Amino acid sequence: IKHKVNAIICQGSEAGGHGMRRELGNSTMALASQVSKMTRATNISVLAAGGIVSGRHLASALCVCDGVSIGTRYWACSESQGNQVFQQELIKKNSCDDVIRTTVFDQIQNELNSTIQWPYPYHSVGSLRNATSSEWDGKTSEELQHAMNDTELLKDYKSAQQASDPNVVCTLAGEGVGEIERIEGAYDVTLRIEVEAIDTMNRLQGMFL
């Protein structure tokens, strides 16, 4: 309250992009529920973030907090300024199992860019699994660092970045990516989420009457 915060976004481990490394994080709904309880006596809104792409997800979140913050679903929109090669990866036949939260990509990126460093414990990303995560996730950071000391790994990764190669470079995505089927306009996405959320809540209300 003293910092005049308007809202708190509770990003769970299901989220895409940067966030708390997986062994230290919490799931979206559990985190949002706990924070909502802590802020109950305030006017601060609590928003859930992580794996939310549909109206059913919004309706679920409204059971424990005040709303949602959506990332991956809006990246897969025609207005998005993200790299279109990686954007197309979001609408392939994915499932929540195709998403991994790993420190591998940030460790490589921190080595390539000394200006912008993602610090512990926020040096992990939710992304689609690829050859890089398959090879290095599960190995120690020391092993990866040793490999990066031989600059071929960094050269190959940098070349893959320039070539927009999703098999090497991370494609940021949350666990809801499996329900994204096409690139659409943001207005259409927002309207569908709203309508689906209302329909879901009406259906649930009918179950108890």
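Visitor: Which residue is the bridge partner of C10 in β3?
Guide: A48 is the bridge partner of C10 there. This is a predicted model: local features need pLDDT of at least 70, side-chain atom pairs count only at pLDDT 80 or more, and totals for chains, interfaces and linings use all residues. Residues are numbered from 1 along each chain as its sequence is written, and side-chain values use heavy atoms, with hydrogens and water left out.

Visitor: How many bridges join β1 to β3?
Guide: 5 bridges, and the two strands run parallel. β3 covers residues 45-49. Strands here are DSSP E runs of at least two residues, helices are H or I runs of at least four, and both are numbered from the N terminus. Two strands pair if DSSP finds at least two bridges between them.

Visitor: What is the strand order in that sheet?
Guide: β1-β3-β4, an open sheet of 3 strands with parallel pairing. β1 (7-11) and β4 (67-69) each have a single partner strand, so one side of each is left without a neighbour in the sheet. Neighbouring strands are turned by 35° against each other on average, direction ignored. Axes are lines fitted to C-alpha atoms, for helices over the stretch in contact, and angles run from 0 to 180 degrees between N-to-C directions.

Visitor: Next, β2, β6 and β5. Is their pairing parallel or antiparallel?
Guide: Antiparallel, in an open sheet ordered β2-β6-β5. The edge strands are β2 (17-19) and β5, each pairing on one side only. The twist averages 25° from one strand to the next.

Visitor: How many bridges join β2 to β6?
Guide: 3 bridges join β2 to β6, residues 124-128. G17 stands opposite G126. On β5, 4 bridges go to β6, and T102 has V125 as its partner.

Visitor: Which helix packs on this sheet?
Guide: α5, which touches β2, β5 and β6. Contact means heavy atoms within 4.5 Å. The direction of α5 makes about 115° with that of β6.

Visitor: Are the β5 residues V99, R101, I100 and T102 buried or exposed?
Guide: Buried, on both faces. V99 and R101 are on one side, I100 and T102 on the other. Buried means under 20% relative accessible area, exposed over 50%, partly exposed in between (1.4 Å probe, protein chains only).

Visitor: What lines the largest pocket?
Guide: 20 residues, with R21, T103, V104, Q107 and S141 nearest its centre. Lining residues have an atom within 4 Å of a point. α5 gives the most, with 4 residues. β5 (99-102), α5 (104-112) and α7 (141-149) each supply at least two.

Visitor: How do the lining residues divide into nonpolar, polar and charged?
Guide: 3 nonpolar, 10 polar and 7 charged. Ala, Val, Leu, Ile, Met, Phe, Trp, Tyr, Cys and Pro count as nonpolar, Asp, Glu, Lys and Arg as charged, and the others, Gly among them, as polar.

Visitor: Where is the cis peptide bond?
Guide: Between Y120 and P121, with omega about 0°. P121 lies in the loop between α5 and β6.

Technical notes:
On a 1 Å grid over the protein atoms alone, a cavity is a set of points where a 1.4 Å probe fits but cannot get out, and a pocket is an open set with protein on both sides within 12 Å along at least five of seven lines; lining residues have an atom within 4 Å of a point.
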